[in-house]
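Here is a short note for a colleague who is opening this entry for the first time. Please read the points with the structure in view.

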Amino acid sequence: MKMKKITSLLCAFAMAASLFAVPAAGVMADASNGEVVVTMPTTSEPASGFDSAFGWGAGEHVHEPLIQSTLVRTTKDLKIENDLATEYTSSEDGLTWTVKIRDDVKFTDGEPLTAQDVAFTYNNCRDLSTVNDFTMLKEAVAVDETTVEFHMNEAYSIWPYTMAIVGIVPEHAYDENYGQNPIGSGRYIMKQWDKGQQVIFEANPDYYGEAPKVQKLTVLFMEEDSALAAAMAGQVDVAHTAASYSDQELDGYSLMRVETVDNRGFNLPATVSEEKDGITYGNDFTADVNVRRAINLAIDREEMINNVLNGYGTIAYSVCDKMPWYNDEAVSEYNLDEAKKLMDEAGWVEGKDGIREKDGVKAGFTLMFSNGDSVRQALAEDTANQLKELGLEVKTEGVGWDTAYDRAQSEPLMWGWGAHTPMELYNIYHSMGESGLAQYSPYANETVDNYMDEALKSDDLEASYDLWKKAQWDGTTGITQEGDIPWIWLCNIDHLYFVRDGLKVADQKIHPHGHGWSIVNNIDEWEWE
Amino acid sequence: MKTKMNQRKKAKILLAVAVFFLAAVAVAGIICHDAAMVTDFSRKNLPPSLAYPFGTDWLGRNMFYRTLTGLSMSILIGVCAAGVSVVMALILGLAAATLGKKADSVITFLIDLVMGIPHILLLLLISFALGKGLRGVIVGVALTHWTSLARLIRGEVLQLKQSEYIQIARKLGHSNLEIARKHMLVHLLPQFLVGLVLMFPHAILHESSITFLGFGLSTEQPAIGVILSESMKYLIMGKWWLALFPGIMLVLTVVLFDLGGTSLRKILDPNSVHK
């Protein structure tokens with residue numbers, strides 16, 4: 001018995017020690033020759049390797065694939081510029097995209113990159129990708145060495161945003177193990193991958209664009225607390241961190257904040273509840289548009305950002321704040337009195353305990369958050385506190401992702417979204433095939449659907465931004481405060497990093513959802529002073 | 001003249017202290033439940049003070065209330081799960097010893113089967129299969145902890161069967177069931193009670209460990225496992241109070257249960273009762 005106790009004590013110590021352990025000692029950065037060591041969350045390690053067909057770059061979290069090059073890339077203001085492509089056009093009906101590519105690009109094994117490789121890559125993604133949507137693509141065809149045609153199943157005006165994240169793979173060197181030993185034509189070559197620990201990249205000496213300034217990039221995968229420990233020990237140059245650690249003072253490091261569209265918000269099911277195939281869809285309380293509007297008005301976002309994020313965040317009014325397709329009609333000011341009036345009008349009157357009631361039913365709902373995510377939990381708790389002032393009883397509950405999607409059909413869930421494509425609006429608000437309701441939370445509005453369909457059919461990408469804006473609010477209907485407001489958006493979470501003094505991190509684009517690879521999108525432009 | 005306290009008295013006092021403390025924690029926890037859930041961002045990350053003896057966490061929750069509630073939940077889950085477990089052990093142990101050879105080999109096989117799999121692993125499996133949460137934990141703990149006690153009871157009953165008074169009862173024509181109820185159960189009661197009490201600390205520790213690992217109660221609950229696993233993230237920032245006090249309280253609870261159980265055994269066991 002005693003032995004057992006001692007053993008378990010030892011185990012506890014070992015566990016505690018491993019928390020502070022930093023993998024791969026001896027990766028001390030050498031500032032002189034352009035080497036950089038960056039930490040990322042363990043979830044950023046691509047489980048299926050560095051293959052665009054399995055989510056590298058074009059996955060749940062979008063970013064530039066580094067090892068491979070893409071046809072186009074997004075600029076700082078999230079418009080599109082050419083990379084491999086020299087020009088691209090879409091046919092009038094939007095069903096054919098023709099892209100001309102450079103003829104001077106070589107893979108790192110010396111073979112030239114041709115239109116055939118591009119076609120192969122996209123057809124491969126269409127067939128294999130489960131993490132990004134390629135259903136709109138019928139077929140990619142190489143017309144000649146430098147021209148590729150994309151034949152679409154349906155018009156898809158925002159195709160360039162897909163072209164910006166799909167890394168082109170070499171057809172001649174592609175097999176099922178490609179993701180483990182990727183060959184590309186991008187700025188960096190993957191030299192070494194110690195699974196569960198680190199990936200080492202070296203600059204591609206034959207890169208067709210401007211030569212990278214940073215010669216060697218080491219990415220370490222670890223949790224935030226270990227990253228902080230690593231920075232304290234001076235072992236890394238850039239350590240990702242969270243708002244709760246932001247008040248730590250580290251010698252030789254300063255805190256860098258990057259603005260994001262990594263938003264958090266919760267859904268309010270907009271239909272009355274109904275059971276189908278064992279899943280409940282809709283929620284009787286939030287089905288009333290006045291209730292949803294009142295909730296939106298009763299949220300003091302500024303206070304929430306100060307409370308939960310120590311101020312390291314920006315207010316979110318939509319899923320796409322700061323994007324070119326964002327409609328600023330979504331802005332709504334905190335107004336508790338107006339919110340109370342709306343609740344009164346909806347027939348919910350305050351009871352003795354301060355909680356509103358109607359026909360003996362108490363006003364309120366359960367707000368779910370994903371287990372273990374302390375920021376979402378804090379946002380859920382603060383939302384509950386703020387809505388209490390409106391007379392709503394909001395319970396919070398931690399759930400796992402295995403059940404969260406189904407339960408979110410009838411109960412609000414704290415989500416995180418944000419991507420460099422207007423498709424995000426479509427995924428959240430557009431109704432889907434059979435059910436006629438949006439995918440993640442029951443909602444449907446024909447006018448909103450039509451604007452988005454029209455936007456996808458448009459033959460001019462920049463002109464289509466207007467239609468995306470109208471889908472949000474066209475003056476009479478939409479998804480904003482004055483419209484149906486089926487989702488409440490709270491904040492965009494700043495991505496925070498401890499950066500070693502002397503390292504100049506190049507200006508960042510607004511980061512999308514995911515605190516991982518986006519930071520090294522432009523690693524080639526970083527500099528040591 | 002000062003009399004030296006004998007062991008019996010000491011044991012009684014220890015038992016009383018343990019029972020009182022545990023009952024107080026259990027009750028206090030239930031009373032504080034609502035207060036433990038309150039979040040207030042104006043008082044987050046406060047070190048221990050008079051107003052907040054155990055400090056507050058990153059949501060501004062009062063860790064003192066949270067710890068009490070967590071312990072009380074652990075105690076209640078522990079009592080509940082251990083209770084179910086002990087009843088299972090008693091029934092199966094009795095059945096094995098009295099219902100003949102076949103039943104005996106089936107039950108012995110079951111015991112070996114459950115004992116063969118590491119506790120924590122089986123617990124995780126059962127809890128996960130039942131969708132985690134309160135039900136998963138209770139069923140998980142109950143289904144994994146009955147084995148050793150069942151084996152003990154079976155052995156005891158087998159021995160009892162050979163004793164003279166049972167033999168005589170059988171000769172007098174009493175049925176198996178009646179013998180089991182009238183003669184054996186009474187004899188087994190002390191061991192049963194002690195087994196029950198000594199199972200509590202196990203049950204509590206296992207409840208908190210699977211919750212700590214994320215397979216038990218969900219994270220908005222003020223469970224001791226949740227508190228401890230959350231505190232790990234903030235240790236590096238020097239927020240020692242988040243782990244220290246709840247940890248000490250958990251150890252204290254377990255130790256008190258252990259002491260209480262041992263004292264109870266001393267009082268009930270004819271060998272030691274008069275020392």
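**Notes on strands, domains and helices**

1. Start with one residue pair. A:K358 has A:V361 as its bridge partner in β19(A). Keep in mind that this is a predicted model.

2. Now the strands around that pair. Strand β18 of chain A covers residues 356-358. β18 and β19(A) pair in the antiparallel sense, over 2 bridges. They belong to an open sheet of 3 strands, ordered β17-β18-β19 in chain A. The pairing in this sheet is antiparallel. Which strands lie at the edges? They are β17 (349-350) and β19 (361-362) of chain A, and each pairs on one side only.

3. Chain A also has an open sheet of 4 strands. Its order is β16-β23-β13-β22, again with antiparallel pairing. The edge strands here are β16 (313-315) and β22 (414-417) of chain A. Each of these two pairs on one side only. From one strand to the next, the twist averages 30 degrees.

4. Look inside that sheet at β13 and β23 of chain A. Strand β13 spans residues 263-267, and strand β23 spans residues 487-493. How many bridges join β13 and β23 of chain A? There are 5, and the two strands pair in the antiparallel sense. As an example, the bridge partner of A:R264 in β23(A) is A:C491.

5. Step back to the domains of chain A. The domain assignment gives three entries: domain 1 (1-45 + 195-260 + 494-529), domain 2 (54-179) and domain 3 (263-492). Note that domain 1 is written as three segments, while domain 2 and domain 3 are each written as one.

6. How do domain 2 and domain 3 of chain A meet? Taken over C-alpha atoms, their centres are 34 Å apart. In the contact, 15 residues of domain 2 of chain A face 14 residues of domain 3 of chain A. On the domain 2 side, the touching residues divide into 8 nonpolar, 4 polar and 3 charged.

7. Chain B has a plain inventory. Its secondary structure comes to 10 helices and 0 strands. From the N terminus on, the elements therefore read α-α-α-α-α-α-α-α-α-α. Along its principal axes, the C-alpha trace of chain B spans about 75 × 65 × 30 Å.

8. Check one helix pair in chain B. Helix α8 (residues 176-212) and helix α9 (residues 224-235) have axes that come within 7 Å. These axes cross at roughly 45 degrees. Are α8(B) and α9(B) parallel, perpendicular or oblique to each other? Angles of 65 to 115 degrees would count as roughly perpendicular and angles under 35 degrees as roughly parallel, so α8(B) and α9(B) are oblique to each other. Their crossing is right-handed.

9. The residues behind that helix contact can be listed. From α8(B) come B:E207, B:S208, B:S209, B:T211 and B:F212. From α9(B) come B:I224, B:G225, B:V226, B:L228 and B:S229. By class, this contact has 4 nonpolar, 5 polar and 1 charged residues.

10. Last, the two chains together. 12 residues of chain B are in contact with 20 residues of chain A. The chain B side of this contact has 6 nonpolar, 4 polar and 2 charged residues.

Definitions and conventions: Residues are numbered from 1 along each chain as its sequence is written. Chains are lettered from A and ligands numbered from 1 in the order in which they are written. This is a predicted model: local features need pLDDT of at least 70, side-chain atom pairs count only at pLDDT 80 or more; totals for chains, interfaces and linings use all residues. Domain bounds come from an automatic or database domain assignment. Two residues are in contact if their C-beta atoms, placed from the backbone, lie within 7 Å. Ala, Val, Leu, Ile, Met, Phe, Trp, Tyr, Cys and Pro count as nonpolar, Asp, Glu, Lys and Arg as charged, and the others, Gly among them, as polar. Two strands pair if DSSP finds at least two bridges between them. Axes are lines fitted to C-alpha atoms, for helices over the stretch in contact, and angles run from 0 to 180 degrees between N-to-C directions. Angles under 35 degrees count as roughly parallel, over 145 as roughly antiparallel, 65 to 115 as roughly perpendicular and the rest as oblique. A crossing is left-handed if the near helix is turned anticlockwise from the far one by less than a right angle, and right-handed if clockwise.
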